[in-house]
Amino acid sequence: MTGDKEHALIRTATVLIIACPHALGLAIPLAIAISTSIGAKNGLLVKDRLALECARNLNMVIFDKTGTLTRGAPALSRIAAAPGTSGEEVLALAASVEADSEHPIAKAIAAAGKKRGLKIEPPAGFEALPGRGAKAVVGGKTINVGGGPRLLADLKSQVPPEMESATRTWATDGRTVLYVMVDNRVLVALSVEDETRPESAEAVELLHKLGIQVAMITGDSQSVVDSVARRLKIDEVAAQLLPADKAAAVKKFQSGGKKVAMVGDGVNDAPALATADVGIAIGAGTDVAIESAGIVLARGDPRDVVGAIELSRATYRKMVQNLIWATAYNLVAIPVAAGLFIHWGVDLPMSVGAIAMSLSTIIVAANAQLLRRLNLKRESGNDPALLRTAAPIPA
């Protein structure tokens, strides 16, 4: 002790300047503000800050199937043609029959024909066959499009043996099987299903790389769910659920202390979204689902779930780094400012203390800004080929 009151006053003022908690006060809010801005630019609307923070600890992501992993509308996925038959020519006839129909499956066939640039002719004498399909005359030929044994029995038609294996496989996988008959002869079989989004498989793969399990819940039949899960390599499924059962399914997945996220888009998904640790809604979904979620995927891309988790983890790392810096800075700078090392000739001037305090704040702010280097954008997936021959068919 020197008894120098002026020096003591300078030391006290320097300590107070350095102890100013600007850096500590900015460490977390600034990182959160920047991460929210980054999320919005990448189609992630963060409604609940706690949801974003919790996303880093997720052990499992549960997807509702329809409208989330799939497009939520039927689409033509496979075609099998009888020997000596051009599948595309017969598909053009089927698309002509269904061109003006309002039935979802009919729309899928018509859309497939247009997508492939096939010639669609106006049908004559269109007739809807309840529970069986549709019938019309195209190019002077009577065309029937429909499914089920009843239509085959009514027309006294049989499926060619070369096509039976493919149609049996489709039915086992839970797909809708339709037949196109020209003058009562079965020439083509079509497989219609709720088309899987091309991004879904990549989303599941990326989640697995992050060490996160993937589950799927839906009201669809077990065969349909198993088929989708097999193609996307999903770990666990819950099928044939009533809307009220989805929240209970989420609770079951949470057993054992798992942190679970639920991704959905419909009114029926709202209770499950609210039950999950993190609710994630598809932006194109219903208002009820969006209101029940903490994070909204504006683009509806399931890969953005991965982006939300990556953003959460990166934000947490920045928050920890900022807290460590701000705390370590005070632990070192305050004793120096107090004159602890004056005996060894280290006397921190008040002006240098002010600069050091400002520098700490600048470093914390600059470190938070490094979050902007995080790249959450992913290239859009290419649609898979719409039509494939289910199996080699002999000429």
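Q: Is Gln 240 buried or exposed?
A: Residues are sorted by relative accessible area: buried means under 20%, exposed over 50%, and partly exposed in between, with a 1.4 Å probe and protein chains only. Gln 240 has a relative accessible area of 54% and is exposed. This is a predicted model, in which local features need pLDDT of at least 70 and side-chain atom pairs count only at pLDDT 80 or more, while totals for chains, interfaces and linings use all residues. Residues are numbered from 1 along each chain as its sequence is written, and side-chain values use heavy atoms, with hydrogens and water left out.

Q: Where does Gln 240 lie?
A: Elements are DSSP runs numbered from the N terminus: helices (H or I) have at least four residues, strands (E) at least two. Gln 240 lies in the loop between E10 and helix H11 (245-254). Gln 240 has a positive phi, near 55°, and is not a glycine.

Q: What is the phi of Lys 233?
A: Lys 233, also not a glycine, has a positive phi of about 65°. Its loop runs between helix H10 (222-232) and strand E10 (236-238). Lys 233 is exposed, at 64% relative accessibility.

Q: What is the mean pLDDT of the protein?
A: pLDDT is the predictor's confidence in each residue, from 0 to 100. Here the mean is 83, and 83% of the residues reach 70 or more. Over residues 381-395 the pLDDT is below 50; this stretch has 35 contacts in the model beyond near neighbours in sequence, a contact being heavy atoms within 4.5 Å. Where pLDDT is low, the predicted coordinates should not be read in detail.

Q: In what order do the six strands of the open sheet stand?
A: Strands of a sheet pair through backbone hydrogen bonds, either parallel or antiparallel. Two strands count as paired if DSSP finds at least two bridges between them. The order here is E3-E8-E7-E6-E5-E4, with antiparallel pairing. Strand E3 (70-81) and strand E4 (124-129) each have a single partner strand and stand at the edges, so one side of each has no neighbour in the sheet. On average, neighbouring strands are turned by 20° against each other, direction ignored. Axes are lines fitted to C-alpha atoms, for helices over the stretch in contact, and angles run from 0 to 180 degrees between N-to-C directions.

Q: How many bridges pair E4 with strand E5?
A: E4 and E5 (residues 133-138) are joined by four bridges in the antiparallel sense. Leu 129 stands opposite Gly 133 in E5.

Q: Which helix packs on the sheet, touching E3, E4 and E5?
A: Helix H5 (residues 87-97) does; it also touches strand E6 (141-146), strand E7 (176-182) and strand E8 (185-196), and its direction makes about 105° with that of E5. Helix H6 (residues 104-115) lies across E3, E6, E7 and E8, at about 60° to E3.

Q: Which residues does Ser 96 touch?
A: Ser 96 is in helix H5, and is buried at a relative accessible area of 1%. Leaving out residues up to four places away in sequence, Ser 96 touches Lys 119, Ile 120, Glu 121, Pro 123 and Val 138.

Q: Which residues of helix H9 are buried?
A: In helix H9 (residues 200-209) the buried residues are Ser 200, Ala 203, Val 204, Leu 206 and Leu 207. Seen down the axis of H9, they fall within an arc of 165°, so they line one face of the helix; the arc is that of the directions from the helix axis to the C-beta atoms. After H9 comes Gly 211, with a positive phi near 80°.

Q: Which residues of the largest nonpolar core touch the most other members?
A: In soluble globular proteins, nonpolar side chains tend to be buried together. A nonpolar core is a set of buried Ala, Val, Leu, Ile, Met, Phe, Trp, Tyr and Cys residues joined through side-chain atoms within 4.5 Å. The largest core has 43 residues; Val 61, Phe 63, Leu 207, Ile 234, Val 278, Ile 280 and Val 305 touch the most other members. Helix H14 (residues 304-337) supplies the largest share of this core, seven residues. Apart from this core lies another, of 26 residues, among them Ile 79, Val 90, Leu 91 and Val 138.

Q: How many residues apart in sequence are Leu 30 and Met 319?
A: Leu 30 and Met 319 are 289 residues apart in sequence and 8.7 Å apart in space, C-alpha to C-alpha. Leu 30 is in helix H2 (residues 22-41) and is partly exposed, at 21% relative accessibility.
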